[in-house]
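Please examine the sequence and the three-dimensional structure shown below. The paragraphs that follow lead through them step by step.

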Amino acid sequence: MQLLVRRVLPLTRCLPMIRLSRARLVVLLLALLAAALTPDRARAEGHDSDAARIAAAGHSLKWNWTPPGRTERYGHAETLIHAPLSAVRRQVLQFGHYREFVPSRFKTSRVVGHGADGSTDVYLQIAVLHGLVTLWDVTRFAPPKASAPGIETVEGRMVPGKGNVEDMDVLWTLRALDDDWTVLKFDLLLKPGLPAPQSAIDEELRDSAMYAVDAVHDRAQGTAEFAPWGG
């Protein structure tokens, strides 16, 4: 704000030298600030906390949490990719190649159907508990949805009755920082329906989420390197 004030104050010197009441002066300054802080300029001068956090770490980040509007604990991971959103989206939609993304987790990934609404049904086999148990289900992925300018989501939900798990839910969130950089987030819920400590389930979920974003990062960017972000 101080920076903007320093930039706006010189503009006031260009105004006719007329006497203004304090109220009118405040309104005038606010109008000048609004004009200076256009959306494009705000993005250029702003500080993107997600990108800054990931860039500072120099690698993808992971944790467990309960997303807003949900009641279950998910595995969460996010990464910063030196590639446009379109390139990241292209990799996220490679459902039949998810096994190649995380071969230690996904044993099978195969497209088994398409819906009239653009959805895609994918048969997945997932190894959990260090490979001791294989879970499977059919997950229906909705087509990409623009939730806001520059932000897209791709959600997949288990088709009821098709699987040996209680529930599965995945959510990709892609956000363009500009034409060359994208923040990618992934949330994963998997309820195995087996007696297992929550700590073990949490570990599986956050590790799988990070493997997934790392795989998309490497493929979309063309390298596993974390390029310096100049934001």
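**Strands, helices and selected residues**

L174 has L184 in β9 as its bridge partner. This pair belongs to the antiparallel pairing of β8 with strand β9 (residues 182-191), which are joined by 10 bridges. Two strands count as paired if DSSP finds at least two bridges between them. β8 and β9 form a hairpin, with five residues between them.

The model is a predicted one, in which local features need pLDDT of at least 70 and side-chain atom pairs count only at pLDDT 80 or more, while totals for chains, interfaces and linings use all residues. Residues are numbered from 1 along each chain as its sequence is written, and side-chain values use heavy atoms, with hydrogens and water left out.

The protein chain as a whole contains seven helices and nine strands. Helices (H or I, at least four residues) and strands (E, at least two) are DSSP runs, numbered from the N terminus. Of the 231 residues in the protein chain, 42% count as buried. Buried means under 20% relative accessible area, exposed means over 50%, and partly exposed lies in between (1.4 Å probe, protein chains only). Among contacts in the protein chain between residues at least 6 apart in sequence, 53% join residues at least 24 apart. A contact here means heavy atoms within 4.5 Å.

Besides its pairing with β9, β8 pairs with β7 in the antiparallel sense over seven bridges. Within β8, W172 stands opposite V154. β7 and β8 also form a hairpin, here with three residues between them.

Leaving out residues up to four places away in sequence, T139 touches T120, D121, V122, L124, G156, R157, M158 and M168. One of these residues, L124, is 15 residues from T139 in sequence. The two are 7.3 Å apart in space, C-alpha to C-alpha.

G161 is found in strand β7 (residues 151-163). G161 counts as exposed because its relative accessibility is 73%. The C-alpha atoms of G161 and D137 are separated by 8.6 Å, although the two residues are 24 apart along the chain. K107 lies in strand β3 (residues 106-114). At 39% relative accessibility, K107 therefore counts as partly exposed. Its contacts, leaving aside neighbours within four places in sequence, are R99, Q125, A127 and T134. Between the C-alpha atoms of K107 and L135, which are 28 residues apart along the chain, the separation is 9.5 Å. As a general point about strands, in a regular strand the side chains alternate between the two faces of the sheet.

The axes of helix α5 (residues 85-92) and helix α7 (residues 198-221) come within 9 Å and cross at roughly 125 degrees. Axes are lines fitted to C-alpha atoms, for helices over the stretch in contact, and angles run from 0 to 180 degrees between N-to-C directions. α5 and α7 are therefore oblique to each other. Angles under 35 degrees count as roughly parallel, over 145 as roughly antiparallel, 65 to 115 as roughly perpendicular and the rest as oblique.

Which residues make the contact between α5 and α7? From α5 come A87, V88, Q91 and V92, and from α7 come V216, R219 and A220. By class, the contact of α5 with α7 has five nonpolar, one polar and one charged residues. Ala, Val, Leu, Ile, Met, Phe, Trp, Tyr, Cys and Pro count as nonpolar, Asp, Glu, Lys and Arg as charged, and the others, Gly among them, as polar.

R90 also lies in helix α5. With a relative accessible area of 48%, R90 is partly exposed. R90 and R219 are 129 residues apart in sequence and 9.8 Å apart in space, C-alpha to C-alpha.
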